[in-house]
Structures are given as structure tokens and as C-alpha cells.
Amino acid sequence: MKVALIGLGSVGRGVAEMIAKKDLGLKITGIADSATGLIDDDGIDVAKVLATKKKTGKCGNPKITAADVIKKADYDALIEVTPTNALSGEPATGYMKTALARKKHVVTSNKGPVALHYKELRALAEKNGVAFRYEATVAGAIPIMHTLEHGLGGNEILALYGVLNGTCNFILTRMADEGLTYEQALMEAREMGYAEADPTYDVQGIDAAIKLVILANTIWGNGVKLGDVDRTGIDLLTADALRLAEEEGCTIRLIAEANPRKKLIRVSPRIIGKNHPLVTEGTLNALTLETDMAKEITLIGRGAGSIETASAIIGDLLFIQDRYVQRA
Amino acid sequence: MKLEMKDSPGQLVAALKPISDVGGNIIAVIHQREPDQESDILNVQIVLELPEGRLEKLVVLLQEQGVHIQRVNEERLLYKRTVILIGHLMHTDLSDTVDQIDSTGFAEVSELSMSMPAVNERSSSRITIKALSKQDMESALTILRRVSKQKSLLLIEPLEEIA
């Protein structure tokens, strides 16, 4: 199957590396970063491009843009892994629409467009008879979308609870284990590369809320938006609060929770028993689904990372290859 | 409650029947016979849930069965939840915050642990609330959410038991 890769940040490089390294039957015919692009219908030498990108910071020809690759390259599936814009979802949403309109499958790790324009993108994919898949947008390597769609097919999902932000989970783990203040734990998260210079998006629960919106729309098709999520972050937590929870055999975790019967969709720090399956250490993510037939199912795994996220993207690509395209 | 009854066949069942007659729910029955016990008296401890105001009737019914009640320990509020509040708790009148729950009549603050760091820094407290029923607990938490919002306190609720 021929694929075009848009975005060569950490996730894009991870995907390219794995496609080059593993014999998956995937061939990259178009590639673009924010400034340059490359098109070769016979297949691009990925190792060479990655080396060039490392040396010069650019992957190809400055006269070829991402939009050119999407419009002109010969590919079956578009891999859209550009940086997310939670407010507008652009330019990624435009890229995806262009590809879908060309009857190309789309696989993305980009949360903004899925949270903002899920219905529209999905309808466009259906109209054109192609797949629109976004496993990598929620909980990194955890195959939550495949689980919902296939493994739990036919189940009614009654509620979901999740630890969906690794940065917050790391900070809370360090506060609980070492008695650090929030500020100290955040500083440590920054040093480890788990937190951005501006941590607002993570610590105020916005990232977790966006993922919750994607899950809710996928499961219940209820059209909820980011503004509908009742959201409280972890930035006002004290070391004392963690200690008070600890004295009761509990700890505090940032929990994303959706329960349509209770009309509940919220992200908030919660007191939770230390032996609860959702209590994971460090940057791990975890998700519990409450269903009618399977009852409770908890998935735990890595929520971020270059290769971990590539795992989710490649899972989507191989699904498309199996279902729509012959294995090469 | 702790009961004393004659150790003869059918006595225990006879003693338990009045509980269901008054609409009670038996949670546990514990009876241990002392190995060296010679007497024909059986000691039984029963943990049960009773609707409000039925205890007196149960006592009468049990006495009619010839059962002697040694002790009744009443725990009126069955539902317990622990929350954590963070913020300027003293400056925002903590006793008023507690009173808003206590004055409901169906819920009360039964425990409060608090840490007070330097003056002007936010303090943290762990509060255990007891309520008569699940619905009452939900009402109490609704009040606490409203009060926390008014007083700019951060309320951390427990994650409800799944299913």
C-alpha cells in the first residue's frame, strides 16, 4: 500500500523509521514537513530522508509543500501527523478533507481536527468510501479504538473512566511518592521532557478533555464539544492533599469520566484507592470501559512517545490495508 | 444488636423472622458457642439495616419471642464518603462550610483532618461525610460543590465505585 506522510516531528519520524525498518508492505510515495516536501511515486528512500532531516532540519524540496504532496502524490492512505491546533484544527483538517475528497484513506494522530470536526470528517470519508482512522489521538499506544470497534463490538458502552494525560499522571505520582510540591514535580516533568514549557494544556486538563470528547463522539456519537466538558486541572493541588489521601489508603489522579445516563462528562482530580486498576505509575495511561456484556475492561499502556504513537498509526494503516487494499 | 436466646432448635430462625417483618435487612449474623459453655443460652450478634423508626417495634417483637436484647448499637448514618478540600479554608469560614452539611439533617461531617501551612498559603483538609442514603449523599455533595465554588475552594471527590 502506498502512503503519504505529512509531518516529520517526533511522531512522523517514528512512523517513517518503523516503515523503513519493518516489512509491512507499506511504501512512502510522498513526504512533507512544515517547509519542504518530496514526491516519488516509485517510493521514497526513507532512511535517506530521515538522515537529511536530521542534518539539515528539512526533508526535501522547498518548492514542494505539504498541500502539493496531498493533492498530487500517488498514495492510498494519508498519514497526517502535523502539530495539533486545538482551537482551529488547521491546517490539518484542510489536509485531511483534501485527501478524503480524493478518495484517499486518512490516518491521523492529530487531536484538534478529530475533536472539532469529527462528524464532518467521518461523513466525508463515508461519502467517498474510504476510512478515517485516528487510533493514535487517544491514549497513545493503547488500541482503544480497535477494542471498541472490534473486540467489544456489539457491547453497549455504559461509561468510561480514564487516565488520559501522562504529564499529569507523572506529576501526581511524584507528588505522592516523594512528597514533592506541584511546582517541584512540574519542574521535574520538564527536565524529563514530559511537560512543555507552557504546561497549561496538560495540567489544566484540556488535553485529557479533548481525548474524552473524541472518545465520547466515537462511542455515543453525541456531538459533545470541548466546552461541554466540566473540567478541573491539577495545578492547584497541594502536597498535603496527596498526603491526606495517602492516609486513607488512597491517592489522587486526574480522571476523565463520561457517563451518558448521568449526563456526565468531566475531567477532574479524584480520590481513588491505591489498588484501583486506573492507578498507574509515571506517564502511563489507563482506561476502564463499563459495558453491558463484557462488564468492566481496563487497558493500560504508554500514552505518548514517538515509536509508541507510531504503533497506533501503523495498526490503523494495516487495518486499512487488510480491509480495503491488497497486501503488497 | 447483641441478642441472648435459648439454645434450642428453631430459636435462631424465630428470632430473625421479626427483622424481616418490620422491613429490616440482615447484613450479618455472628454466633459463636464458647467451647466450655455449659449453659443453654445462645449469644448472637446481628448486623442489620432498618428503616427509620422501626427499631422500637422490632424490640417488642423480639421480646415476645423470648429473646433478650443485651445491647443495641445504632449507627444512624450508613453512607460514607471522603473528600478533600483545598484553599483558604479558615478565611472562608470552615465552620460555616461544615455547618452547611450538618444543618441538612440527613448528612453530617463526621471527621476532619487538616494541614495548615504558612499563613496566607492554601490549606488542605480531608473531610468524611456520612449520610442516611445514597441520594442524601448526592445531595450533600451537591451542597458542598456549590459552597466550594462560592468560596473558591478546590473540591476533590472520590471516584465512585465502578458498576
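Predicted model: local features only at pLDDT ≥ 70, side-chain atom pairs only at ≥ 80, totals over all residues.
When I give you an angle between two helices, I mean the angle between their N-to-C directions, running from 0 to 180 degrees, with each axis a line fitted to C-alpha atoms over the stretch in contact.

In chain A, α1(A) packs against helix α12, residues 306–323, at about 65°, and their axes are 8 Å apart. Angles of 65 to 115 degrees count as roughly perpendicular, so that's what we call α1(A) and α12(A). The crossing itself is right-handed.

Who's touching whom there? On the α1(A) side you have S10(A), V11(A), R13(A), G14(A), V15(A) and M18(A). Across from them, α12(A) brings S306(A), I307(A), T309(A), A310(A), I313(A) and I314(A). Sorted by class, that contact comes to 7 nonpolar, 4 polar and 1 charged.

Is G7(A) buried or exposed? G7(A) counts as buried, because there are 24 C-beta neighbours inside 10 Å, and the cut-off for buried is 20 or more. Leaving aside residues up to four places away in sequence, G7(A) touches G12(A), D33(A), E80(A), V81(A) and T82(A). Take D33(A) from that list: 26 residues along the chain from G7(A), yet the two C-alpha atoms are separated by 4.7 Å.

As background, most residues other than glycine have a negative phi, and most peptide bonds are trans. Which peptide bond here is cis? The one from E90(A) to P91(A), with omega near 0°. P91(A) is in the loop between β4 (77–80) and α4 (92–101) of chain A.

Then there are two lysines with positive phi. K263(A) has phi near 50°, and its place is the loop between β9 and β10 of chain A. K263(A) has 7 C-beta neighbours inside 10 Å, so it counts as exposed. K295(A) has a positive phi of about 65°, this time in the loop between β11 and β12 (296–302) of chain A. Here the neighbour count inside 10 Å is 12, so K295(A) also counts as exposed; the cut-off is 12 or fewer.

The contact takes 19 residues from chain A and 15 residues from chain B. On the chain A side, α11 (239–246), β9 (250–259), β10 (264–273) and β11 (284–291) each supply at least two residues. By class, the chain A side that touches chain B divides into 11 nonpolar, 2 polar and 6 charged.

So, over to chain B. How many helices and strands does it have? It's 4 helices and 8 strands, and along the sequence they run β-α-β-β-α-β-β-α-β-β-α-β. Chain B is more spread out than a compact globule, because its radius of gyration is 22 Å, well over the 15 Å that the globule rule gives for 163 residues. Along the principal axes, its C-alpha atoms fill a box of roughly 65 × 35 × 30 Å. Of those 163 residues, 22% count as buried. And if you take contacts in chain B between residues at least 6 apart in sequence, 70% join residues at least 24 apart.

The helices of chain B give us two pairs to look at. For the α1–α2 pair, α1 (residues 11–21) and α2 (residues 55–64) come within 9 Å and cross at roughly 155°. That makes α1(B) roughly antiparallel to α2(B), and the crossing is right-handed. The contact is made by A15(B), P18(B), I19(B) and D21(B) on α1(B), facing L58(B), L61(B) and L62(B) on α2(B). Its classes are 6 nonpolar, no polar and 1 charged.

For the α3–α4 pair, α3 (residues 94–102) and α4 (residues 134–150) of chain B have axes that come within 9 Å and cross at roughly 155°. So α3(B) and α4(B) are roughly antiparallel to each other, and this crossing is right-handed. T97(B), Q100(B) and I101(B) of α3(B) meet A140(B), I143(B), L144(B) and V147(B) of α4(B). By class, the contact of α3(B) with α4(B) is 5 nonpolar, 2 polar and no charged.

Note on methods. Residues numbered from 1 in each chain as written. Chains lettered and ligands numbered in written order. Rg over C-alpha atoms; globule rule 2.2 N^0.38 Å. Contact = placed C-beta atoms within 7 Å. Parallel < 35°, antiparallel > 145°, perpendicular 65-115°, else oblique. Left-handed = near helix turned anticlockwise from the far one by under 90°. Nonpolar A, V, L, I, M, F, W, Y, C, P; charged D, E, K, R; others polar.
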